Amino acid sequence: MERNAHTVRNTPDPSYFHLSHQYEEALARALYVVTEGQGAMLLTGACGCGKTLLTRVLVDELDPARFEVALIPYPNLEPQELLGEILRQFGFDIAGLSKPELIERMERFLDANRRRGATTLVIVDEGQIVHNDATLEEIRLLLNFQQDRSFALTLLLVGQPELRARIEGLPQLSQRLTVKYHLRELTREESDAYLRHRLKKAGGDKEIFTKGAEDLIIDNAGGVPRRLNYLSDLSLLSAFGKAAPLVDEEIVEGVLADRRGTAEGPGARGEAKMCEV
């Protein structure tokens, strides 16, 4: 078997995005919020369900001449640090600036974008790791930047399901989120279509998994795209190492046995954490 090392990438790669019905709907809603100036959207889903990938696809859909985007991948910051990080993403030197100065820089930047017809988008990923309620309040206050009775920026807040539950307890923030969408796990049929799409994108033009092997992968992935990715990739690697012509059930069983041996490692338990690859 010849192995393509990138058959089922585990890092967010928009070129591998599989536009199933729910992802198409989530992307359409996000585009609506961003392009129509609707203020803010909350996107949630279990770890590995493709939230970050969807935000990358969204950004790729936007004209860089008309949209300025700041991506905050690690938002567990103090309120002033968050504001500073957003400005840093937009290219500002924030060293030594006080909070009033940061706010003034933001206001001037938003006004300049409005004057040239550009939209400002802030994407806060991994929102469930924000432990400080004051930081969530700072996120809400971003929507207080308004010009001509419309939002001066658009906010996309992304995180695991516990973020949604927490926000529901903060009505001031919850009411500001115009659109809320939750990415569920894939059905069995969607998992099968997802695997076939990824293999085809990687140049796979023939069946390289037996039906039994594919069923085992789908059964153990639980509808989570990232699990489908790594179980498939590890199975391909194992088959390549054994010079096997196909990935069969025995190979997948070996991968699953190895995974079970490492499932209970550091970080397996605990409160809100970042998704791990």
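**Entry 1: the whole protein**

I counted helices and strands and found 11 helices and seven strands in the protein. Here a helix is a DSSP run of H or I with at least four residues, a strand is a run of E with at least two, and both are numbered from the N terminus. The model is predicted, so I note the limits: local features need pLDDT of at least 70, side-chain atom pairs count only at pLDDT 80 or more, and totals for chains, interfaces and linings use all residues. Residues are numbered from 1 along each chain as its sequence is written, and side-chain values use heavy atoms, with hydrogens and water left out.

Next I looked up burial. Of the 277 residues in the protein, 45% are buried. Buried means under 20% relative accessible area, exposed means over 50%, and partly exposed is in between, with a 1.4 Å probe and protein chains only.

I then looked at contacts, meaning heavy atoms within 4.5 Å. Among contacts between residues at least 6 apart in sequence, 73% join residues at least 24 apart.

**Entry 2: Thr55 and helix α2**

I picked Thr55, which sits in helix α2, residues 51–61. Its relative accessibility is 1%, so Thr55 counts as buried. I found its side chain 2.6 Å from the backbone oxygen of Thr52. Setting aside residues up to four places away in sequence, I saw Thr55 touch Ile123, Leu156 and Val158.

I checked the rest of the helix as well. The buried residues of α2 are Lys51, Thr52, Leu53, Leu54, Thr55, Val57 and Leu58. What covers them includes helix α1 (21–35) and the strands β1 (40–45), β3 (119–124), β6 (154–159) and β7 (179–183).

**Entry 3: α1 against α2**

I looked up how these two helices cross. The axes of α1 and α2 come within 10 Å and cross at roughly 50°. Axes are lines fitted to C-alpha atoms, for helices over the stretch in contact, and angles run from 0 to 180 degrees between N-to-C directions. I therefore wrote down α1 and α2 as oblique to each other. The cut-offs are under 35 degrees for roughly parallel, over 145 for roughly antiparallel, 65 to 115 for roughly perpendicular, and oblique for the rest.

The crossing of α1 and α2 is right-handed. A crossing is right-handed if the near helix is turned clockwise from the far one by less than a right angle, and left-handed if anticlockwise.

On the α1 side I listed Tyr23, Ala26, Leu27, Ala30, Leu31 and Val34, which meet Leu54, Val57, Leu58 and Glu61 in α2. The residues of this contact divide into nine nonpolar, no polar and one charged. Ala, Val, Leu, Ile, Met, Phe, Trp, Tyr, Cys and Pro count as nonpolar, Asp, Glu, Lys and Arg as charged, and the others, Gly among them, as polar.

I moved on to Ser191 in helix α8, residues 188–201. Ser191 counts as buried because its relative accessibility is 1%. Not counting residues up to four places away in sequence, Ser191 touches Leu186, Ile218, Gly223 and Leu228.

I then compared the directions of two helices. α8 and helix α9 (residues 211–221) pack at an angle of about 120°, with their axes 10 Å apart. That makes α8 oblique to α9. The crossing of α8 and α9 is right-handed.

Arg188, Ser191, Asp192, Leu195 and Arg196 in α8 meet Glu214, Asp215, Ile217, Ile218 and Asp219 in α9. I sorted the residues of this contact into three nonpolar, one polar and six charged. The buried residues of α9 include Glu214, Ile217 and Ile218. Just after α9, I noted that Gly222 takes a positive phi of about 65°.

**Entry 4: Phe90**

I looked for Phe90 and found it in the loop between α3 (79–89) and α4 (99–115). Phe90 and Val69 are 21 residues apart in sequence, and their C-alpha atoms are 7.5 Å apart in space. Leaving aside neighbours within four places in sequence, the contacts of Phe90 include Val69, Phe109 and Leu121.

**Entry 5: two positive phi values**

Most residues other than glycine have a negative phi. I looked up two exceptions. Glu126, which is not a glycine, has a positive phi near 55°. Glu126 lies in the loop between β3 and α5 (133–141), and at 9% relative accessibility it counts as buried.

Ala243 is not a glycine either, and I noted a positive phi of about 55°. Ala243 is in the loop between α10 (225–241) and α11 (249–262). With 61% relative accessibility, Ala243 counts as exposed.

Definitions and conventions:
A polar contact is a pair of N or O atoms within 3.5 Å; within protein, one must be able to donate a hydrogen and the other to accept it, and residues adjacent in sequence count only if both atoms are side-chain atoms.
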